[in-house]
Structure formats: structure tokens, C-alpha cells
Amino acid sequence: MAPVSKAERKALMDAGAWIFNVVTSVGIIMVNKALMATHGYSFATTLTGLHFATTTLMTVVMRWLGYVQPSHLPLPELIKFMVFANLSIVGMNVSLMWNSVGFYQIAKLCIIPVLCLFEVVFDNFRYSRGTKLSIMVVLLGVGVCTVSDVSVNTRGLAAAAVAVWSTALQQYYVHYLQKKYSLGSFNLLGHTAPAQMASLLVLGPFVDYWLTSKKVYSFDYSPIVIFFIVLSCIIAIGTNLSQFICIGRFTAVSFQVLGHMKTILVLILGFIFFGKEGLNLQVALGMLLAVVGMIWYGNASSKPGGKERLSHPEKSPEDGRV
């Protein structure tokens, strides 16, 4: 048996990272959908805090076992990341509450162009014509199969803008911090997860009460609800870790573009497990178009000149300095 080359090993690891992220992300969405839609647990911000609590526990155990080595992340960088990440979580929840589902989906699609802007401005990346067109095909396909009613209002537009820019900054910063401070995925999670856990568990109940007019402490926690919460938290460990792995190995743009495969899978599984209402020719064609765009993007961006850095600056989104 011929030995595996370095390129083949990298391709296998890349594929494994993507599969890990897709499986855990789709899994947590389906579990949370059952928890919230079926059992009425609508405290999304608090639940995210619990997710980071279990992720923090995982990083502590891994460090205790010696799998994670001590590392350093400056406090100002950690605070900036925490602000971006928490604004992303709250912004997305508020955007969904204040906007129609259609406009909420359009706002989520805008994350990719913003990330492309960051890579062009801060990392000096340049995209080929084929790569740009493939991204547009992905956006069009996902838009066709997810966007229906679209209505816009001032506060909803503001919430969507905060959600889009903070999400893009958070994902860009994952890649930026890993490269600048030579941090592995476990190392970075070990720094960020405890901070997000503490802030979201403190602020989460207040944010959820503002969004739902319900108190998280007054909810009827039946055994089945507790089971789904625990299951969601366990899967979240893989989701958080795989996100950092994928963005670290690739870029935030690639993570977003190819990550829309999760959107397609969630739609398909939703039709299978929660009924076929809404499944029509338009949705099917949108899914097909999105998949074609993802395949095209993977091929176009991997070609010489498809997506390349003209120089190697290490800039921060805040100050733009090398």
C-alpha cells in the first residue's frame, strides 16, 4: 500500500473537519428546533450560555489531560472577540424577532459579502471572476429556497446590520487570532469559551425576557426538556470546536460559502421530520442551484489565481495596521 502524501493527508483532514462541522451543526439545529418548537423552550441566549459552559468544561478537561498546552491571548483581544461574538448572538435573535423571516434570511446571506470585504481590505486577497460568480450562485440559490416574505422596518434593519457586521467580525477574528498568536482551536476556545459563558449566563436571562416576555427560571423543566438541553449542550461542544477548526484551516469566507450546505441539509431534514409543508419546485431548484454554486466555488477557489493573497499583512479590523 502506497504511503499517503502530505497533500492527500491534508485533503482528508480538511474533509474530516467539514464533515465534523456539518454533522454537529445540523444536529444541534434539529435538536434545538425540537426543543423550542415542540417543547416551547424559547430562551436561545441562555441556552447559548449553557453551550459555552459545556465547551469550557471540555477545554478544562483537555488541558488537565495534557492535550492542550498553555497559551497566551492578550486581554484586549479577548474582550474585542467577546463583544463581537455576543453581539452576533443577540443581534441574530433580535433580528429574527423584529424582521420577517425573509428579510432575516437575506441579512444572513449578507455576511459573505462583508467577509469578502474584510479579506480584500485587511488580508489583501483577490478573487478570480469564477470565484466571484460561484459565490453569487450560492447566494442566489440559498436565497431562492429560504426567502419568502420580505418586509423591512427601521429598527429591524438596524438589528440586522448589527447582526451581520458582528457575525462577520467574529468569524474573521477567529482566523485572525489563530494566525497572529499561533493558537490552535482548543487553545482559542480555552480563552474565549469561559468569557462567553460568564457573560451570556449573566445577560442571557435578561435578554431572553426582553425578547420573549418569559422568565427562564419559571419555565417547566420536564425530563424531556432537560434531556434535549443536555443533548444540545453536548453537541454544541463539537459545533464550537469544529467552527474554530474549519475557519483556522480555511478562511471565514470559505466557511460561510460551503457552510450553506448545512442550510440545505437542515431544510431537507426539516421536511422529513417536521412535515413537507413549504416544499415546492422553487425550493428544490434553489437547493440544486446552491449545491452547484458550492461545487463551483470549491473548484474555482482552489485553482491558481482563484483566491490568492497578493501580500501577507497581518492587520486588525480595528486599526488596519500591519
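Histidine 175 is buried, with a relative accessible area of 14%; here buried means under 20%, exposed over 50% and partly exposed in between, using a 1.4 Å probe and protein chains only. This is a predicted model, in which local features need pLDDT of at least 70 and side-chain atom pairs count only at pLDDT 80 or more, while totals for chains, interfaces and linings use all residues. Residues are numbered from 1 along each chain as its sequence is written, and side-chain values use heavy atoms, with hydrogens and water left out.

Let's stay with histidine 175 for a moment. Histidine 175 sits in helix 7; helices are DSSP runs of H or I with at least four residues, strands are runs of E with at least two, and both are numbered from the N terminus. Its contacts (heavy atoms within 4.5 Å) are Ile247, Gly248, Phe250 and Thr251, leaving aside residues up to four places away in sequence. Phenylalanine 250 is 75 residues from histidine 175 in sequence, yet their C-alpha atoms are 8.3 Å apart in space.

Now to the interior. A nonpolar core is a set of buried Ala, Val, Leu, Ile, Met, Phe, Trp, Tyr and Cys residues joined through side-chain atoms within 4.5 Å. The largest one has 62 residues, and Leu115, Phe118, Ile135 and Val253 have the most contacts inside it. Helix 7, residues 154-180, gives the most to this core, with 10 residues. A second, separate core has 15 residues, including Leu35, Phe219, Phe228 and Ala236. Back in the largest core, isoleucine 135 touches Ile112, Cys116, Val253, Val257 and Tyr297, again not counting residues up to four places away in sequence.

Next, follow helix 2, where you will find threonine 46. Threonine 46 is buried, with a relative accessible area of 8%. Beyond four places in sequence, threonine 46 touches Tyr41, Leu201, Gly204, Pro205, Asp208 and Val216. Leucine 65 lies in the loop between helix 2 (44-64) and helix 3 (75-98), and is partly exposed at 47% relative accessible area.

Finally, the record. The unreviewed UniProt entry annotates "transmembrane region" at residues 12-31, 43-66, 78-96, 186-204, 224-245, 257-275 and 281-299; UniProt positions follow the numbering used here, feature names are shortened, and annotations may be inferred rather than shown by experiment. In the model, residues 224-245 are 100% helix and 0% strand, with end C-alpha atoms 32 Å apart. Residues 281-299 are also 100% helix and 0% strand, and their end C-alpha atoms lie 27 Å apart.
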